[in-house]
Amino acid sequence: MAAAKEIRTQIGSIKNTQKITSAMEMVAASKMRKAQDLMRAGQPYARQIRNVVGHMADANPEYKHDYMVERSEVKRVGYIVVSTDRGLCGGLNHNLFKALLKEAVIWKKQGAEQDFCALGAKASTFFRNYGGNLVAAKSGLGEAPTVEGLIGSIKVMLEAYDEGRLDRLYVVYNEFVNTMTQKPVVRQLLPLSPDMGADAEQDDENARPGSWDYLYEPDAKALLDSLLVRFIESQVYQAVVENGACEQAARMIAMKSATDNAGGLIDDLEMVYNKARQAAITQEISEIVGGAAAV
Amino acid sequence: MANSFTCNIVSAEASIFSGTVEQVIASGIMGDLGILPGHAPLLTELKPGPVRVIQDGGKEENFYVSGGFMEVQPDVVTILADAASRASDLNEAAAEEARQQALKAFNEKSTELDYTRAAAELAEAVAQLRTIQQLRKKAGKG
């Protein structure tokens, strides 16, 4: 019965693991709901500020902000990489880094250097191994990230852009398509691209590009400075909360399949265990029968 | 309708108001602004303070905004608020307490950083009180 006992212990340990994964699945499911609420709550602001900035790109401002001017030569690009703090969420981070590297290789071929800003512990770990030039890192954002927690890292990247050390800035995060699907995206933040206001659909018919300008209060420079910084912050914040919703969804799916796999494993092992038990009983009986015949 | 336009008020956490309005009154950084339909395109920073919205049909709504931006287009006004709330949700006692606390911090002004923060807090508390008082005045009249 030695083999049977070993199998029993193994089944027991898999059952324990299954309990943990199914608990994690349920936790992730409830956190996902909260993360999704957070993501939805932020969407109106992100959309409206994108509309406003889109309008601004249509206008003919007296003052061209640095963020709105395409630079002729791109020597260095920056990436703000939004990842999760914890693992056990399937291929979420891995797919994101793969998408990032694909993009980075294209820039490398064109001779542009890269700087990275890592949001989330997993991105920091990744860059430690990959060896990219990490200029800012922030982890431990938790389930309800705040804009205040992100400002520092964003500022590092924006200052680099202001000083001309970066010529382009991207944000890399997972887009929440639905619970089953998360899509890694690389979106350009700076310079502001004209298609940014693409969802400013309500006044497409009376858009008159380049023929008008805003009245600014207090003055164009001060206003655009703070508005555009706010815009970048809101876009990064939105990316972080969306990635948070992705994380919980991916974890829920990963834990669900882990629970299912454990179930399958237990079924298989139980079959083996029963066979071993049966074999032991059969052997015992044949030994008794054989013994009785000998007497 | 020619004498109305769309107004959207959003804060980072939620959409506060969206609808057709006849007039929007907000406190811009350089003074109070009344926006009527067909206003020239305008971008302004907002001071902490009340935003009054006169809806289609004359119904009036009050909001409190703790700073932000306002974009005016001839047919749409967008207010990007740092934090907005319906004025009726404001609590006068809490605002008064915040004002007292800010004043106290203001007088102590231990470090430069605290000083600027206290000044900002004070401005916000005063603006909240202003919103409440405006609301009350109107309620008294009506």
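The notes below take the rings and then the interface.

**Rings.** I worked on a predicted model. I searched the whole structure and got 12 aromatic pairs over all chains. I looked up A:Phe116 and A:Phe127, which form a stacked pair with 4.5 Å centre to centre and 25 degrees between the planes. I checked burial next. A:Phe116 has a relative accessible area of 1% and A:Phe127 one of 3%; both count as buried because the cut-off is under 20%.

I then took A:Phe126 with A:Phe127 and found an edge-to-face pair, 5.2 Å centre to centre with 70 degrees between the planes. A:Phe126 is buried too, as is A:Phe127.

**Interface.** I listed 24 residues from chain A and 26 residues from chain B in the contact. The two chains bury about 2,200 Å² between them, with 64% of it on carbon and sulfur atoms. I found 1 salt bridge across the interface of chain A and chain B. A:Arg230 makes a salt bridge with B:Asp82, with the closest N and O atoms 2.5 Å apart. I counted 8 residue pairs in polar contact between chain A and chain B. On the side of chain A that touches chain B, α1 (2–58), β6 (215–217) and α5 (220–294) each supply at least two residues. The largest share of that side, 9 residues, comes from α1(A).

Definitions and conventions:
Residues numbered from 1 in each chain as written. Chains lettered and ligands numbered in written order. Predicted model: local features only at pLDDT ≥ 70, side-chain atom pairs only at ≥ 80, totals over all residues. Heavy atoms only, no water. Phe/Tyr/Trp six-rings, centres within 6.5 Å; stacked < 30°, edge-to-face > 60°. Buried < 20%, exposed > 50% of the residue type's maximum accessible area, 1.4 Å probe, protein only. Contact = heavy atoms within 4.5 Å. Buried area = accessible area lost by both parts, 1.4 Å probe. Salt bridge = Lys/Arg side-chain N within 4 Å of Asp/Glu carboxyl O. Polar contact = N/O pair within 3.5 Å; in protein donor to acceptor, adjacent residues only side chain to side chain. Helix = DSSP H or I, 4+ residues; strand = E, 2+ residues; numbered from the N terminus.
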